[in-house]
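The structure is shown first.

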Amino acid sequence: MRRRSFLRMAGGALGAGALTGCVGQSGGSSGYEFMMSPSEPQSQMMAQYAPLRGYITEELGEQTSLTYASSYSAIIRTLGSGSGHIAEMGPLAAALGTSSDDVEIALQRRGYGSWEYSSVIVTREGSEIDGIEDLEGKELAFADTLSTSGSLHPVHMIKEAGIEVGNAPKSDQGADFEATWSDHGPAFEALMEGQVDAAGVGRFITLNDNREYKEGVKEVAIRDGLPRAPIAVSPELSDEERETFVSSMVDAPDEVYWGEDGQQDTEDDLWFDAVRRASVEDYASVVSVAEELGINIDLVDEAAEAEE
């Protein structure tokens, strides 16, 4: 596709009906519905995904609408029923959806230069904490309750080490440690200011510009290879529809990631810049950790509502 015609098409991608989904079991005369998870403000995501919507419309040969979902469970139900067709989802929500056979993971996104990322538990240099077993009885800080790298995996690493985690990550009730949950930045800051003994966060927050640990940081444990967020499809799509969508996304031009203004490195760029084929097997670690910690989709929705 020529860049000029692509951008002209994408510029009209937020026209009438962009907020309403399609009805029906597949594409065809009713078109396709691309659902966005309620992870960022609606207006922001509509602008970010405008070019992608236009591109999918042209590649699939049917009008594609953008829908800002009311909840993560709504995405799962809509994909499962076939009234929605494509969705961008977080790793946890997608993993929970595959467990009920309502979601099929089709693509993995690349962001910040990599397909995967890492979860760490860190403390301060000079701390008496040398391993996970030393966290018993300590004060810990985590990122958001349902953060894959900043809560689920750190808590799971602690559990695997034989320390009682109680109700974590929902709360520290029954756990053999005291804990608070906030976000990656505040959790790491609390550690470095001496307010807690250790922090479970995404590794990215602990690194300097040279991709090395910031001064004063000591690694306690690390878990690499966490898959970045997927794009999922409805199991009701035909094999031909699914393959057309997946192959077109793999071959998508760079411009689809540049947002509504069509300019690279501006505020409405998408956070990811490429996709590759994926399946539920690529997210097996997320599925396993969620099951072991008793996480369900209702908890995901409750956390999202609390942030509004």
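## Salt bridges

Arg110 and Asp273 form a salt bridge through their side chains, with N and O 2.9 Å apart. The two residues come from distant parts of the chain: Arg110 belongs to strand β4 (residues 104-111) and Asp273 to strand β11 (residues 272-277), a separation of 163 residues. Arg110 is partly exposed, because its relative accessibility is 28%; Asp273 is also partly exposed, at 35%. The model is predicted, and it holds seven salt bridges.

Another of these joins Lys218 and Asp130, whose closest N and O atoms are 2.7 Å apart. Lys218 is in strand β9 and Asp130 is in the loop between β5 (116-124) and β6 (139-142), so this pair ties together parts 88 residues apart in sequence. Asp130 counts as exposed, with 55% relative accessibility.

A further salt bridge pairs Arg223 with Glu160, at 3.0 Å between the closest N and O atoms. It links strand β9, which holds Arg223, to helix α5, which holds Glu160, across 63 residues. Arg223 is buried, with a relative accessible area of 18%, whereas Glu160 is exposed, at 56%.

## Helix α5

How many of the 13 residues of helix α5 are buried? Eleven are, so the helix (residues 148-160) is largely enclosed by the rest of the structure. The buried residues include Thr148, Leu152, His153, Val155, Met157 and Ile158. After α5 comes Gly162, which has a positive phi near 95 degrees.

## Arg228, a buried arginine

Arg228 sits in the loop between β9 (217-227) and β10 (230-233). Arg228 is buried but has no salt bridge. Its nearest side chain of opposite charge is Asp273, 8.4 Å away. Asp273 is instead paired with Arg110 in a salt bridge.

A polar atom of the Arg228 side chain lies 2.9 Å from the backbone oxygen of Gly111. Leaving out residues up to four places away in sequence, Arg228 touches, among others, Pro91, Arg110, Gly111, Tyr112, Trp115, Glu116, Trp271 and Tyr283.

## Helices α4 and α8

Two packed helices are described by the angle and the distance between their axes. For α4 (residues 91-99) and α8 (residues 284-292), the axes come within 9 Å and cross at roughly 80 degrees. The two helices are therefore roughly perpendicular to each other.

On the α4 side, the contact involves Pro91, Leu92, Ala95, Leu96, Thr98 and Ser99; these meet Val286, Val287, Ala290 and Glu291 in α8. Pro91 is also one of the residues touched by Arg228.

Methods: Residues are numbered from 1 along each chain as its sequence is written. This is a predicted model: local features need pLDDT of at least 70, side-chain atom pairs count only at pLDDT 80 or more; totals for chains, interfaces and linings use all residues. Side-chain values use heavy atoms; hydrogens and water are left out. Buried means under 20% relative accessible area, exposed over 50%, partly exposed in between (1.4 Å probe, protein chains only). Helices (H or I, at least four residues) and strands (E, at least two) are DSSP runs, numbered from the N terminus. Lys and Arg count as positive and Asp and Glu as negative; His and the chain ends are not counted. A salt bridge is a side-chain nitrogen of Lys or Arg within 4 Å of a carboxyl oxygen of Asp or Glu. A polar contact is a pair of N or O atoms within 3.5 Å; within protein, one must be able to donate a hydrogen and the other to accept it, and residues adjacent in sequence count only if both atoms are side-chain atoms. Contact means heavy atoms within 4.5 Å. Axes are lines fitted to C-alpha atoms, for helices over the stretch in contact, and angles run from 0 to 180 degrees between N-to-C directions. Angles under 35 degrees count as roughly parallel, over 145 as roughly antiparallel, 65 to 115 as roughly perpendicular and the rest as oblique.
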